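Hi everyone, thanks for making time this morning. I'd like to walk you through one model, so let's bring it up on the screen.

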Amino acid sequence: MQVDAVVLDIDGVLVDVADSYRRAIIESIDRVCGKTVDREAIQSFKNAGGFNNDWDLTYAAALYVLARREGLRMEVDAFTDAIADGGGGLSAAKEVVADLPSVSQARVRDQWDTERLHEVFQTLYLGTELYHELEGGEPAFDAPGFIHDEPVIVDPDTVADLTERFDVGVLTGRPAAEADIALDRVGLEVPTEHRFTMDDWEEGKPHPRALVTLAERFGADRVAFAGDTLDDVKTARNADAADETRVYYGIGVLTGGLRGAAGREAFSAVPADAVVADVNGLVDLLS
């Protein structure tokens with residue numbers, strides 16, 4: 001696959017977030033709602049689309065837990081399928097819950113505290129010290145911070161190879177400060193103008209604007225975007241459709257929630273242009 005530029009997602013690609021972001025989703029909902037979802041449910045929400053922002057996924061999964069308590073008769077897969085049918089994301093999740101009787105909806109709204117969920121999530125993820133530094137206030141409680149439990153996936157040799165041969169950018173749903181922490185950890189230096197974080201655009205994946213903008217800034221003709229979710233590959237597909245002057249390749253990486261044969265099949269259905277076991281496979285794939 002011949003390219004001029006490589007754009008990378010962070011979570012599930014450069015670092016493993018199973019015991020950080022995804023754990024924070026599960027435990028935040030449990031602390032606030034008294035019941036939670038499992039890891040398989042989180043992946044179902046991801047597959048539904050529109051959940052590039054893990055805060056939104058937390059709010060949507062909490063909404064599901066509360067709606068089930070108030071009489072929603074849907075298993076999580078049916079709920080996330082309905083979200084996908086509604087276009088994905090938090091707004092679609094709210095539309096699904098809107099099918100409850102009005103009294104039940106009111107009880108769900110009364111219990112659905114997104115500000116509290118956000119505060120607890122950031123406390124669990126960042127920990128006390130980083131919460132003070134990045135959030136500028138008092139955390140919900142003392143915590144060590146799951147952010148310190150993110151094993152590095154990308155090898156130093158891979159970072160060196162990709163940055164030597166290609167322009168390298170980053171497209172992530174992380175806030176900028178949290179993206180900086182991850183990039184420092186993996187030893188990847190990316191100038192501000194070559195990255196898009198949660199703070200840089202409102203649309204989120206799979207909207208193509210950020211990827212097309214990075215391609216323009218690189219002056220690239222052929223761009224590969226590697227990510228661990230279906231929305232990552234759809235971002236490349238959408239960019240390829242929106243920008244007739246360039247070619248965009250979507251590459252699925254099997255180190256996030258999609259793994260093994262089932263993950264490869266899910267990526268191929270989008271379709272992905274290629275699927276690799278991990279980001280280090282880009283070294284041999286790209287030329």
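Let's start with the sheet. Six strands make up an open sheet, and reading across you get β3-β2-β1-β4-β5-β6, with parallel pairing. Keep in mind that this is a predicted model.

What stands at the edges? Those places go to β3 (195-196) and β6 (274-276), and each has a single partner strand, so one side of each has no neighbour in the sheet.

Helix α11, residues 230-242, touches β2, β4 (222-227) and β5 (247-253), and its direction makes about 170° with that of β5. Helix α12, residues 260-269, packs on the sheet too, touching β4, β5 and β6; here the angle with the direction of β6 is about 155°.

On to the nonpolar side chains. The largest nonpolar core has 78 residues, and those touching the most other members are Leu-8, Leu-14, Phe-45, Phe-79, Ile-83, Leu-188 and Leu-282. Which helix gives the most to this core? That's α3 (residues 54-69), with eleven residues. Both domain 1 (5-16 + 151-286) and domain 2 (18-147) contribute residues, so this core lies between them. Apart from it there's another core, of 17 residues, including Val-7, Val-212, Phe-225 and Tyr-248.

Last stop, Phe-79: leaving out residues up to four places away in sequence, its contacts include Phe-45, Ala-60, Tyr-64 and Leu-72.

How values were computed
Residues numbered from 1 in each chain as written. Predicted model: local features only at pLDDT ≥ 70, side-chain atom pairs only at ≥ 80, totals over all residues. Heavy atoms only, no water. Core = buried A, V, L, I, M, F, W, Y, C linked by side-chain atoms within 4.5 Å. Buried < 20%, exposed > 50% of the residue type's maximum accessible area, 1.4 Å probe, protein only. Helix = DSSP H or I, 4+ residues; strand = E, 2+ residues; numbered from the N terminus. Domains from an automatic or database assignment. Contact = heavy atoms within 4.5 Å. Pairing = 2+ DSSP bridges. Axes fitted to C-alpha atoms, helices over the stretch in contact; angles between N-to-C directions.
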